[in-house]
Amino acid sequence: MSTFSISVRGQVRNIGKNRLSEIFEKNPYMAKIYPTEKSRDALEVFQLYKGEGEYFDLGQMPPFRQNFSFGGERQHQGGYRINEAACIGCQSCRNVCPVQCISNSVPRVINEAHCLHCGNCFRVCPVGAVEKLGA
């Protein structure tokens, strides 16, 4: 099982069946799923040409996360941050963080480089000090 994950979102365009044979060449397992030309009739190829995403390496602790963009798209800030003025230091967020990326100091601070954007901290904060970015 791989410990790497890539999340992408962006704009796509249908490019028909032009590169379907290339996709089957690079992914031979697909021939078992679609063994005949007739079974491949419903397939179309889409190109993701502009967007952004995140790369995760979950095989290390804390996990590594890197944002990227392509096709001229700018990166949008996502994830969560803690409003320092509202934080009461209760530990609720730290107790539910799966990667322990929230500081022990008060007010709490999220280390964005390791945050998985799971939202656990956001859901449990009793005073609403955790804010969702980019929403």
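This is a predicted model: local features need pLDDT of at least 70, side-chain atom pairs count only at pLDDT 80 or more; totals for chains, interfaces and linings use all residues.
Aromatic pairs number 5 in the structure. One of them joins Tyr55 and Phe64, whose ring centres are 6.2 Å apart. The planes of these two rings meet at 65 degrees, so the pair is edge-to-face. Phe68 and Phe70 form a pair of another geometry: their ring centres are 6.4 Å apart and their planes stand at 25 degrees, so this pair is stacked. The cut-offs explain the two labels, because stacked planes are under 30 degrees apart and edge-to-face planes over 60.

Tyr55 is partly exposed, because its relative accessibility is 27%. Phe64 has a relative accessible area of 34% and is therefore partly exposed. Tyr55 and Phe64 also belong to one aromatic cluster, which includes Phe4.

A nonpolar patch lies on the surface. Its members are Ile6, Val8, Val12, Phe46 and Leu48. Together they have about 460 Å² of accessible area. Two elements each give two or more residues to this patch: strand S1 (4-14) and strand S2 (46-57). S1 supplies the largest share, with 3 residues. Leu48 sits in strand S2. Its relative accessibility is 34%, so Leu48 counts as partly exposed. Patch membership requires over 30% relative accessible area, and Leu48 has 34%.

The interior was considered next. In soluble globular proteins, nonpolar side chains tend to be buried together. The largest nonpolar core in this model contains 14 residues. Within this core, the residues with the most contacts are Ile82, Cys101, Ile102, Ile110, Cys121 and Val130. The surroundings of Ile102 were listed without residues up to four places away in sequence. On this basis, Ile102 touches Ile82, Cys93, Arg94, Cys97, Arg108, Val109, Ile110 and Cys121. Another core lies apart from the largest one and has 5 residues. Among them are Phe24, Met30, Leu43 and Val45.

Definitions and conventions. Residues are numbered from 1 along each chain as its sequence is written. Side-chain values use heavy atoms; hydrogens and water are left out. A nonpolar core is a set of buried Ala, Val, Leu, Ile, Met, Phe, Trp, Tyr and Cys residues joined through side-chain atoms within 4.5 Å. Buried means under 20% relative accessible area, exposed over 50%, partly exposed in between (1.4 Å probe, protein chains only). Contact means heavy atoms within 4.5 Å. Patches are made of residues with over 30% relative accessible area and no salt bridge: like charges are joined within 9 Å, nonpolar side chains (Val, Leu, Ile, Met, Phe, Trp, Tyr) within 5 Å. Accessible areas come from the Shrake-Rupley method with a 1.4 Å probe; for residues, only the protein chains shown count as cover. A salt bridge is a side-chain nitrogen of Lys or Arg within 4 Å of a carboxyl oxygen of Asp or Glu. Helices (H or I, at least four residues) and strands (E, at least two) are DSSP runs, numbered from the N terminus. Rings of Phe, Tyr and Trp (its six-membered ring) pair if their centres lie within 6.5 Å; planes under 30 degrees apart count as stacked, over 60 as edge-to-face and the rest as tilted.
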